[in-house]
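Please keep the sequence and the 3D view open while reading.

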Amino acid sequence: MNVKTALILLLLALATIFALVCVLLTRGRAPGTCQHQPPEPEVPEDGRSLVFADLTPEELAQVVRYLQGSLGVPLVDASRAKPSDNCIASVDVQLPAKAEVLRFLDGGGARPPREALAVLYFGDQADPNVTEYVVGPLPVPTYHRDVTVQKYGGKVPYHRRPVTGVEYVAISALIQHELRKAPRFLAVCCASDGTDLAVLTTAPRGFKSGDRSSWFVLFHAVVGTGYYVLPIGLEVLVEHGELDISLWYLSQVFYNGRYFSSMAELEGTFVAGLLEVIQVEKPQDAMVMGSMRPRRPPGAPGPLQYEPQGPRYSIRDNHVTFQGWSIAFGMNPNTGPRLFDIRYRRERIIYELSLQEALALYGSNCPGGMSTRYLDGSFGIGRFAYELVRGVDCPYTATYVDRHYLAESDVPRTNQNSLCIFEHDAALPLRRHFSDMQSLYYGGLRKSVLVIRAVSTLINYDYVWDFMFHSNGAVEVRVHATGYISSSFFHGEGTNYGNKVGPHTLGTMHLHHIHYKVDLDIDGQLNSLEAQDMGYEKLKAPWSLQNSLERPFLRRERLERENEAAFPLDAPLPRYLSFTGPKPNRWGHARSYRLQVVSSPGKHLPDSSPMERAVSWGRYKLAVTRRKEEEFTSTSVYNQNDPWTPTVAFADFIDNETITNEDLVAWISVGFLHVPHAEDIPNTVTVGNSVGFFLRPYNYFDEDPSVDSPDSTYFSSEREAEACGTNPLACLPTAACAPHLPPFRYGGFLNISLPPPPGGL
């Protein structure tokens, strides 16, 4: 062996030793922390989205101070105001007119003045009423104007106001006082003295305008468990319409299929041996029916989604951007999540996308259940969107945002971390193809979506509100229902109205109907509505005239007027329904967005019902109307307690006006029938309990815009597939870094006072 060969072998040996040392030194070393690379904003962060922003705590406080010093009447803090007092019921942002906003956003006009909408209850007046004021300009108000008559055509009668926490506390005290009149009955029926029972409100409250008469259902209360599935069979009717709380009284009692005039009459009937009593054992242990306590110790952690280089979306104030999307977000204390100025690739697609109402309509053979038609907006869909639990309600690494509101108090409140924003890997290709013909290649794009989420807890039900933005320009809106069912005491022919889910529990059937507003601006404000569907035509085969075939063809129709575009809830929509702009795409078709509804609603309340007009939006799966500033919302918080003379009746919006080349609004209803079953215990799962809709580009672009996504994968050989330059999946940074996870903290209980009012949805 010559010297040169020996030297080469020595160098190779040294290189091998060096490589082995490197492997040994790095083996077992924890991966480094992922380096966050903030995305570059895709649109200028100039603060323009603040024209839609919710009020800050400071602005809310300023409005309260201004009203206290400017109205010339005594105002009691709503947290302790009696019905006979004057108080500030709520304050929210007063959004400017759309024309003003567009002049500011698009035309270089002045920023509209920032204003608030204040709702006041005037109980200490000769003519008690609800009055709404616009207060401005913020941050330092100098004026207010009464807009009640302008909005509603007259004063809002006082009996239409939502029931306040103070009123619920007074009703609870009244019920407790009355329960003491039947001690022997309660001891036998329920092993209770009445102090350990929970009550649940129903609504609406009577049978005609002016009534304020509510059934309250009683349940066994167990700390840490949903009492909603533990009815004892007792329900009471409370008359609470008088301004003087001392004049409220209990007018009827229901127990096990029978009605009584008072608790004293019920007790007397029981003592006389004339009452059939169903003994309901008092729940004792933590594993009582309805308990959500874990039954097994924690196991190994499940999969965790994280961003190797930090979030690829950007949030500033009330504005989020993500891969071409730009969205302003907020939360209405009554109606819940609302989004504005939704743009894709700098073009506005939607001016407003907002939740309007959630209806839950029940059936039962008990008075509380059979009379219930909850309109959740009157209770506060946004107000009761509490803190989200990291890693359960949203991905652990999502961005969490606080929301502020002022309702039933002079002090602003904060629901911290009550809205989350995250990028979601759907573990599904958005599109893909494996070619095994002509040439071999693979091309695909993973489905990644931006999600804006809030969860409203409306006493027993929890609604998960999702707004999703896809990389092909599509918008998806979805709601999942979970939480506890509301139940009745099982007696008689109970199974005509649901299923028995416990020893004495009837899971009562009910409808969930959700209403949304979508103000579309497709290639500008002036849009039209086009329906497309299919038919078959029979023809002779041109190449073989002795044979025939059935050829599908496309029917196209322009819907010209509102009545044509009001689709009944139980009628099918055209398979393709598109909102078209004035300009064509490259191929000569009108640039459009298609509406696709995913829903399986129950039947709407019959038109003959005296309260149907209050929920007349539920008549329609879809109604398209010309946009009007005075038709800002499809319902009102005042409709719940006076559905017989609704403050806002959506049916009046549809008056057969032309909808061709106009600024259009789509009002969309989604929902489902829920017949509770054994698997709804302990509570309802989200699986299968979701509905929603899509807005999908339809000839809006010249090709699928996701072709520009940086997440695309393409290779035509094994070498390409394994090369970082052509396939980023081949060199995922997850092999070299670990996510920085914030510590788990939760403060969602800090802003809540117990015991809760006897509400319930």
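R316 is partly exposed, with a relative accessible area of 41%. Here buried means under 20% relative accessible area, exposed means over 50%, and partly exposed lies in between (1.4 Å probe, protein chains only). D317 is partly exposed too, at 48%. The side chains of R316 and D317 meet in a salt bridge, at 3.9 Å from N to O.

This is a predicted model, in which local features need pLDDT of at least 70, side-chain atom pairs count only at pLDDT 80 or more, and totals for chains, interfaces and linings use all residues. Residues are numbered from 1 along each chain as its sequence is written, and side-chain values use heavy atoms, with hydrogens and water left out.

**Salt bridges**

- The structure holds 44 salt bridges. The criterion is a side-chain nitrogen of Lys or Arg within 4 Å of a carboxyl oxygen of Asp or Glu.
- R338 sits in strand β15 (residues 336-344) and D54 in the loop between β1 (32-33) and α2 (57-70), so the pair ties together parts that are 284 residues apart in sequence. Helices (H or I, at least four residues) and strands (E, at least two) are DSSP runs, numbered from the N terminus.
- R338 is buried at 7% relative accessible area. D54 is buried at 11%.
- R627 forms a salt bridge with D519, with the closest N and O atoms 2.8 Å apart. This pair links distant parts of the chain: R627 is in the loop between β32 (620-626) and β33 (664-674), D519 is in strand β26 (residues 510-520), and they are 108 residues apart.
- Both R627 and D519 are buried.
- A network of salt bridges links K98, D519, D521, R627, E629 and D663.

**Nonpolar cores**

- The largest nonpolar core has 102 residues, and F185, L234, L353, W465, F469 and Y516 touch the most other members. Strand β16 (residues 347-362) gives the largest share of this core, seven residues.
- Another core lies apart from it, with 29 residues, among them F122, V135, F340 and Y351.
- A core is a set of buried Ala, Val, Leu, Ile, Met, Phe, Trp, Tyr and Cys residues joined through side-chain atoms within 4.5 Å.
- E357 is also placed in strand β16. E357 is buried, at 1% relative accessible area. The C-alpha atoms of E357 and R111 are separated by 30 Å, and the two residues are 246 apart along the chain.

**Cavities**

- The count comes to nine cavities of 30 Å³ or more. A cavity is a set of points, on a 1 Å grid over the protein atoms alone, where a 1.4 Å probe fits but cannot get out; lining residues have an atom within 4 Å of a point.
- The largest cavity holds about 100 Å³ of space. Grid points are joined across faces, edges and corners, and a volume is the space filled by probe spheres set on the points.
- Its lining has 14 residues, of which G368, G369, T372, S486 and S487 lie nearest the centre of the largest cavity. The elements that give two or more residues to this lining are β7 (197-201), α8 (367-370) and β23 (487-489).
- The lining divides into four nonpolar, nine polar and one charged residue. Ala, Val, Leu, Ile, Met, Phe, Trp, Tyr, Cys and Pro count as nonpolar, Asp, Glu, Lys and Arg as charged, and the others, Gly among them, as polar.

**UniProt annotations**

- An unreviewed UniProt entry places "domain: Copper amine oxidase N3-terminal" at residues 161-258. Over residues 161-258 the chain is 23% helix and 31% strand, and the end C-alpha atoms are 32 Å apart.
- The unreviewed entry lists "domain: Copper amine oxidase catalytic" at residues 305-706. Over residues 305-706 the chain is 1% helix and 54% strand, with the end C-alpha atoms 22 Å apart.
- The unreviewed entry lists Y461 as "modified residue: 2',4',5'-topaquinone". Y461 is in strand β21 (residues 461-470). Y461 counts as buried, at 0% relative accessibility.
- Such annotations may be inferred rather than shown by experiment.

**Backbone geometry**

- A cis peptide bond joins G136 and P137, with omega about -15°. The peptide bond from L138 to P139 is cis, with omega near 20°.
- P137 lies in the loop between β4 (129-136) and β5 (143-146). P139 lies in the loop between β4 and β5.
- N656 has a positive phi of about 65° although it is not a glycine. N656 is partly exposed, at 29% relative accessibility.

Technical notes
1 Å grid on protein atoms, 1.4 Å probe; cavity = no way out; pocket = protein on both sides within 12 Å on 5 of 7 lines; lining within 4 Å.
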